[in-house]
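Subject: Structure handover

Hello,

Please find the structure below, for your files. My notes follow it.

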Amino acid sequence: MDFLVTQTSAHRGVLACGDAVFPCALGRSGVRADKSEGDGATPKGCFALRRLLYRADRIAKPVTLLPAQALDPADGWCDDPADPFYNRQVRLPYRARAEKLWRDDGVYDAIVVLGCNDDPVIAGRGSAIFLHAAKPDLAATEGCIALKLDDLLTALRFAGAADRLCVAGP
């Protein structure tokens, strides 16, 4: 099953999977086909659902057919285009710029790693593009797609390794 994201305003949209439709947050710069590192845009296109990362200290392992791995405080994601591990999960502290996945704000309590710029990785074309939990007000993301945590956990029940998330844009 494909998960379809449609932009409805500058940084909001809806995610549809099967008969379910959920409001979602998009990048602060909207949706773009020409994604680049740090532009704040959600990339347009279809992306494989690679795996689930989750905070086992905050939520039970979500019900899903995706491969799942519990996070720990040393998990990070390299977002430095000059590093050979750009757009890859790394262990912190890391030698290059990397985003911390063990966050206090809850948005990374459940993270679906999307197959965006990962096969092959092209430096500067975007990193750490995830489907993750939203802030309570569905505030814009830095380029990810975010759902309310309960909606994300519901959507994960439909998700398997053969599925894709497709982002439609203007």
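The sulfur of Cys116 lies 9.3 Å from the closest cysteine sulfur, that of Cys144, which is too far for a bond; a disulfide here is a pair of cysteine sulfur atoms within 2.5 Å. Cys116 is buried, at a relative accessible area of 7%. Buried stands for under 20% relative accessible area, exposed for over 50%, and partly exposed for values in between, with a 1.4 Å probe and protein chains only.

As to provenance, this is a predicted model, in which local features need pLDDT of at least 70 and side-chain atom pairs count only at pLDDT 80 or more, while totals for chains, interfaces and linings use all residues. Residues are numbered from 1 along each chain as its sequence is written, and side-chain values use heavy atoms, with hydrogens and water left out.

Disulfide

The structure holds 1 disulfide. Cys46 and Cys166 form it, with their sulfur atoms 2.2 Å apart. The link of Cys46 and Cys166 is right-handed, with 115° about the S-S bond. Cys46 belongs to strand S6 (residues 45-54) and Cys166 to strand S14 (residues 164-168), so the pair ties together parts that are 120 residues apart in sequence. Helices (H or I, at least four residues) and strands (E, at least two) are DSSP runs, numbered from the N terminus. Cys46 is partly exposed, at a relative accessible area of 43%, whereas Cys166 is buried, at 8%. Cys17 is in no disulfide; the nearest cysteine sulfur, that of Cys24, is 11 Å away. Cys17 is buried, with a relative accessible area of 0%.

Strand pairing

Two strands pair if DSSP finds at least two bridges between them. Strand S2 (residues 12-17) pairs with strand S3 (residues 20-25) in the antiparallel sense over 6 bridges, and Ala16 stands opposite Val21 in S3. The hairpin of S2 and S3 has 2 residues between the strands, and Gly18 takes a positive phi near 60° there. S3 is also joined to strand S13 (residues 145-147) by 2 bridges, and these two strands run antiparallel. Cys24 has Leu147 in S13 opposite.

An open sheet of 3 strands has the order S9-S8-S10, with antiparallel pairing. Its edge strands, S9 (89-91) and S10 (98-100), each pair on one side only. From one strand to the next the twist averages 45°; axes are lines fitted to C-alpha atoms, for helices over the stretch in contact, and angles run from 0 to 180 degrees between N-to-C directions. Strand S8 (residues 75-78) pairs with S10 in the antiparallel sense over 3 bridges. Trp77 has Glu99 as its bridge partner in S10.

His132 lies in strand S12 (residues 130-133) and is buried, at a relative accessible area of 6%. Its side chain reaches the backbone oxygen of Val107 at 3.4 Å. Leaving aside neighbours within four places in sequence, the residues in contact with His132 (heavy atoms within 4.5 Å) include Val107, Tyr108, Thr141, Cys144 and Leu152.

Leu152 is also one of the buried residues of helix H1 (residues 149-156), along with Asp151, Ala155 and Leu156. Seen down the axis of H1, the buried residues fall within an arc of 140°, so they line one face of the helix. The arc is that of the directions from the helix axis to the C-beta atoms.

Regards

Terms used:
Polar contact = N/O pair within 3.5 Å; in protein donor to acceptor, adjacent residues only side chain to side chain.
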